[in-house]
Amino acid sequence: MDIFDLMDDEGHEQVIFCHDPRAKLKSIIAIHDTTLGPALGGTRMWPYRNTQEALIDVLRLSEGMTYKASVAGLALGGGKAVIIGDPKTEKTEELLRAHGQFVDTLCGRYITAEDVGISVDDMEFVYQETKYVTGIDSSPRGSGDPSPVTAFGCYHGIKASCLKQLGSDDLKGVRVAVQGAGHVGYYLCQDLAAEGAIITITDIEPSKVERVVNDFGATAVEPDAIYDVECEVFAPCALGAIINDRTVRRLRCRIVAGAANNQLAEDRHGDALDARGILYAPDYVINAGGLINVYSEIVGYDHDTSMQKARGIYDTLLSIFEIAEEEKIPSYKAADWLACQRLREAREESEKPDEMSAPAPV
Ligand code: NAD
């Protein structure tokens, strides 16, 4: 494995291997692209089997952040960090602070946040070592839990998808099957119920299902049965890779639109949805509310502005569906096209000679 070859494949700018034996820290920070701004993306802690697995993951995740920020119209680049270790048994204050010290050495080229295996409380330790952290409560500019904003953006994304596929964005009577009743799933059900959608819910934790059933009159199904539910919208809000060989043929919906990251196991599953006439709202577009929320921390947090920007996911998705239709490509490819287009434009702009500062001819 040649690391420069891997970086070259998707155009990564910088990869930092961080090692602090005293704190038992082994982490990798990947900065994919800073054309649009500083690289922002969470720190994930996961028991990777080896360094190669961690490296592949951090490269993939940081690239995804570049695309997400670009399509959301934010002045941010893409980055991500992974800590190698089991968050249940190996996470310590010392380890988190050591990670924060490494983040600090980058002087803001990379800004971190929580991710899988790292909670808001854990980030408080990172914040003691660096100010380049978002999504924490104790910071004067802290925006706290981004889930309600993610859910709100996802709700507007579902409306846009319904307009495109069903001819109306009114969710009254629309059947939505929600997978996952966690932070985002719960708030999403709240928004959907307020508009009169008919909700089916599942989760592997019965108490979370019960809460959604009681609060919003949802119907519960077993976790694996969610793929077979006849509905207009399937909203994945739990795991990644749930659109795969096993599930894609089972779906009885007209739209897939939910907040989970990396919903397509592989790109070809996006093609399979397209071939079946199921409209797919690309995950990193519809779930950008959380990123929009933490971005506003950097520029001066204002909850209403975040919500307004998250509402803009409605128009962004409609543009993507239009590109897909015009170019006769699946929507996930249209989203990538839009992200790359914005990056191209920004690069061209930055490469333009500045007439005012051009040296005088000799
Ligand atoms: P969460 O951990 O609070 O909720 C996930 C829920 O999924 C949990 O209740 C869990 O029990 C359930 N679950 C796990 N496996 C399941 C299965 N097989 N079937 C049904 N349910 C299952 O996480 P969250 O913050 O609500 O995030 C949900 C998804 O959205 C994740 O993929 C996350 O990466 C993505 N996302 C979240 C945000 C955010 O602001 N929180 C932003 C962008 C993307």
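How far from a polar backbone atom of Ala259 is an oxygen atom of the ligand? The separation is 3.3 Å, a polar contact in the sense of a pair of N or O atoms within 3.5 Å (within protein, one must be able to donate a hydrogen and the other to accept it, and residues adjacent in sequence count only if both atoms are side-chain atoms).

This is a predicted model, in which local features need pLDDT of at least 70 and side-chain atom pairs count only at pLDDT 80 or more, while totals for chains, interfaces and linings use all residues. Residues are numbered from 1 along each chain as its sequence is written, and side-chain values use heavy atoms, with hydrogens and water left out.

**Stop 1**

Then select His183: an N or O atom in its side chain is 2.6 Å from an oxygen atom of the ligand. On its own the ligand has 830 Å² of accessible area, and the protein covers 77% of that; such areas come from the Shrake-Rupley method with a 1.4 Å probe, and for residues only the protein chains shown count as cover. Helix H5 (147-166) and helix H6 (183-194) are the elements that give two or more residues to the shell around the ligand. Helices (H or I, at least four residues) and strands (E, at least two) are DSSP runs, numbered from the N terminus. Now show the whole surrounding set of 20 residues, the closest being Thr150, His183, Val184, Asp203 and Lys208; a residue belongs to it if one of its heavy atoms lies within 4 Å of the ligand.

**Stop 2: the parallel sheet**

Colour the strands S9-S8-S7-S10-S11-S12, which in that order form an open sheet of six with parallel pairing. Two strands pair if DSSP finds at least two bridges between them. At the edges are strand S9 (219-220) and strand S12 (279-280), each pairing on one side only. Next, select strand S10 (residues 233-236) and strand S11 (residues 255-256): they run parallel and are joined by two bridges. Phe234 has Val256 in S11 as its bridge partner.

Move to Gln179 in strand S7 (residues 175-179). Is Gln179 buried or exposed? Gln179 has a relative accessible area of 7%, so it is buried (under 20%; exposed is over 50%, partly exposed in between; 1.4 Å probe, protein chains only).

**Stop 3: the antiparallel strands**

Go to strand S2 (residues 25-33), where eight of the nine residues are buried. Strand S1 (residues 14-20) runs antiparallel to S2, with seven bridges between them. Two pairs to pick out are Val15 with Ala30 and Phe17 with Ile28. The S1-S2 hairpin has four residues between its strands, and Lys24 in the turn has a positive phi of about 55°. Strand S5 (residues 77-84) is also antiparallel to S2, joined by six bridges; there Ile31 is partnered with Gly79.

**Stop 4: a surface patch**

Finally, select Met1, Ile3, Phe17 and Ile56, which make a nonpolar surface patch of about 370 Å². Ile3 itself lies in helix H1 (residues 3-10). Patches are made of residues with over 30% relative accessible area and no salt bridge, with like charges joined within 9 Å and nonpolar side chains (Val, Leu, Ile, Met, Phe, Trp, Tyr) within 5 Å. A salt bridge is a side-chain nitrogen of Lys or Arg within 4 Å of a carboxyl oxygen of Asp or Glu.
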